[in-house]
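The paragraphs below go from the whole chain to a single residue.

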Amino acid sequence: MSTPPLVACPQCGKKTAWTPANPFRPFCSERCKLIDLGQWAKEEYRIPEQQQPLAGNEAEEND
Ligand SMILES: [Zn+2]
């Protein structure tokens with residue numbers, strides 16, 4: 001065992017050592033891991049954006 005294999009972080013592409021010391025592998029950091037998880041989570045649980053009709057628009061048309 002010498003140097004640990006380097007893997008490219010799926011999120012930012014940064015080369016990071018694949019070691020037990022890195023709990024976030026294959027990501028380089030917790031931040032990248034969370035970003036990646038957040039991305040698929042957003043696809044999984046699509047939260048409808050709050051589209052509240054602008055009260056002003058119709059009023060202007062009626063004017
Ligand atoms: Zn990264």
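A residue is called buried if 20 or more other C-beta atoms lie within 10 Å of its own, exposed if 12 or fewer do, and partly exposed in between, with the C-beta atoms placed from the backbone. By that count, 5% of the 63 residues of the protein are buried.

This is a predicted model, in which local features need pLDDT of at least 70 and side-chain atom pairs count only at pLDDT 80 or more, while totals for chains, interfaces and linings use all residues. Residues are numbered from 1 along each chain as its sequence is written.

The protein contains 2 helices and 2 strands; helices (H or I, at least four residues) and strands (E, at least two) are DSSP runs, numbered from the N terminus. Along the sequence their order is β-β-α-α.

Confidence is given as pLDDT, the predictor's score for each residue from 0 to 100. Its mean over the protein is 82, and 75% of the residues reach 70 or more. The highest confidence is in β1, at a mean of 94, and the lowest in helix α2 (residues 55–62), at 62. Where pLDDT is low, the predicted coordinates should not be read in detail.

Two residues are in contact if their C-beta atoms, placed from the backbone, lie within 7 Å. Of the contacts between residues at least 6 apart in sequence, 8% join residues at least 24 apart.

Is Val7 buried, exposed or partly exposed? Val7 is partly exposed, because 16 other C-beta atoms lie within 10 Å. Beyond its neighbours within four places in sequence, Val7 is in contact with Thr16, Trp18, Arg25 and Pro26. The C-alpha atoms of Val7 and Ala17 are 6.2 Å apart, with the two residues 10 apart along the chain.
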